[in-house]
Amino acid sequence: MKLIVAPDYAGICEKAANIFADEIRRNPACVLGLATGSTPVGLYQQLIRRYQDGTLDLSHVQTFNLDEYCGLAGDHPQSYRWFMQKNLFDHVNIPPQQTHIPSGIADDPEEECRRYDALIESCGGIDIQLLGIGHNGHIGFNEPDDHFPVGSHLTRLTDSTIQANSRFFASEDEVPTHAITMGAGSILKAKKILLMASGQGKAEILCRSMTGPVTPAVPASVLQLHRDAVILADEAAASLLCRIIPPSEE
Ligand code: F6R
């Protein structure tokens with residue numbers, strides 16, 4: 001595992017955009033694993049800026065998002081499909097049929113999970129997977145558990161995640177209780193993983209995930225097993241971790 005530290009949020013977004021842009025230029029038809037939440041927004045803005053100034057062509061990439069709320073259709077403003085459209089897809093040249101997100105309204109969510117995993121496989125697997133980290137160590141919606149789920153699956157959100165995500169809804173009652181998410185196994189299959197973390201509030205969980213025991217009680221700890229996982233953190237988020245893992249010069 002490699003730790004890269006930037007002074008602030010803008011710095012990690014710039015570095016993440018460089019890593020993504022390098023991958024896309026090296027392999028224009030690469031498969032990107034994408035995330036929602038607050039953390040990747042600045043990265044997406046950087047990718048949009050690079051597309052708009054003509055230095056980045058995204059027309060051949062395929063994208064797969066980590067997760068989607070159950071019960072929300074793609075035109076619901078709190079769905080992750082909507083989030084991705086507004087924060088990235090509406091502003092760049094990825095053909096819509098090359099952007100993939102699990103359906104939150106599939107009649108049979110288990111079947112939808114199997115379809116999603118098969119689609120990822122048929123595209124050759126994910127080349128670079130972007131992740132954020134929840135305050136309880138979740139990645140995607142892999143919540144603390146007694147086992148690491150392998151493939152995409154239906155999951156119940158913990159109360160702490162529902163509470164954290166209620167900031168985007170009118171009230172906590174409106175936050176869906178279930179989601180479809182890629183599994184820890186699906187995430188580990190990505191050739192490269194890039195986890196972004198920003199702010200003091202992530203310092204403790206980031207340190208515990210990357211230096212504590214590998215356990216499904218702290219889902220992000222599974223990233224310790226990946227051979228090309230990069231942790232990109234600002235100084236506040238890295239403040240505890242960098243005492244144990246020396247930051248890389250890149
Ligand atoms: C979203 C996702 C979540 C978030 C996590 C952190 O697709 O997979 O695991 O990455 O909840 O969210 P933020 O970035 O809002 O702190």
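Student: How many salt bridges does a search of the whole structure find?

Tutor: The search finds 10 salt bridges, and it should be kept in mind that the model is a predicted one.

Student: What makes the contact between Glu14 and Arg50 a salt bridge?

Tutor: The nitrogen-to-oxygen distance between the side chains of Glu14 and Arg50 is 3.4 Å, and the cut-off is within 4 Å, so the pair is called a salt bridge. Glu14 belongs to helix H1 (residues 9–26) and Arg50 to helix H2 (residues 41–52), so that the pair, 36 residues apart, links distant parts of the chain.

Student: Why is Arg50 called buried, and why does Glu14 count as partly exposed?

Tutor: Arg50 has a relative accessibility of 8%, which falls under the 20% limit, and is therefore buried. Glu14, at 34%, lies between the 20% and 50% limits, and therefore counts as partly exposed.

Student: How do you know that Glu111 and Arg114 are about one helical turn apart?

Tutor: Both residues sit in helix H4 (residues 109–122) with a separation of 3 residues, which means about one helical turn.

Student: Why is the pair of Asp228 and Lys192 said to tie together parts that are apart in sequence?

Tutor: The side chains of Asp228 and Lys192 meet in a salt bridge of 3.4 Å, N to O. Because Asp228 lies in the loop between helix H7 (203–211) and strand E10 (229–234), while Lys192 lies in strand E9 (residues 192–197), the pair joins parts that are 36 residues apart in sequence.

Methods. Residues are numbered from 1 along each chain as its sequence is written. This is a predicted model: local features need pLDDT of at least 70, side-chain atom pairs count only at pLDDT 80 or more; totals for chains, interfaces and linings use all residues. Side-chain values use heavy atoms; hydrogens and water are left out. Helices (H or I, at least four residues) and strands (E, at least two) are DSSP runs, numbered from the N terminus. Buried means under 20% relative accessible area, exposed over 50%, partly exposed in between (1.4 Å probe, protein chains only).
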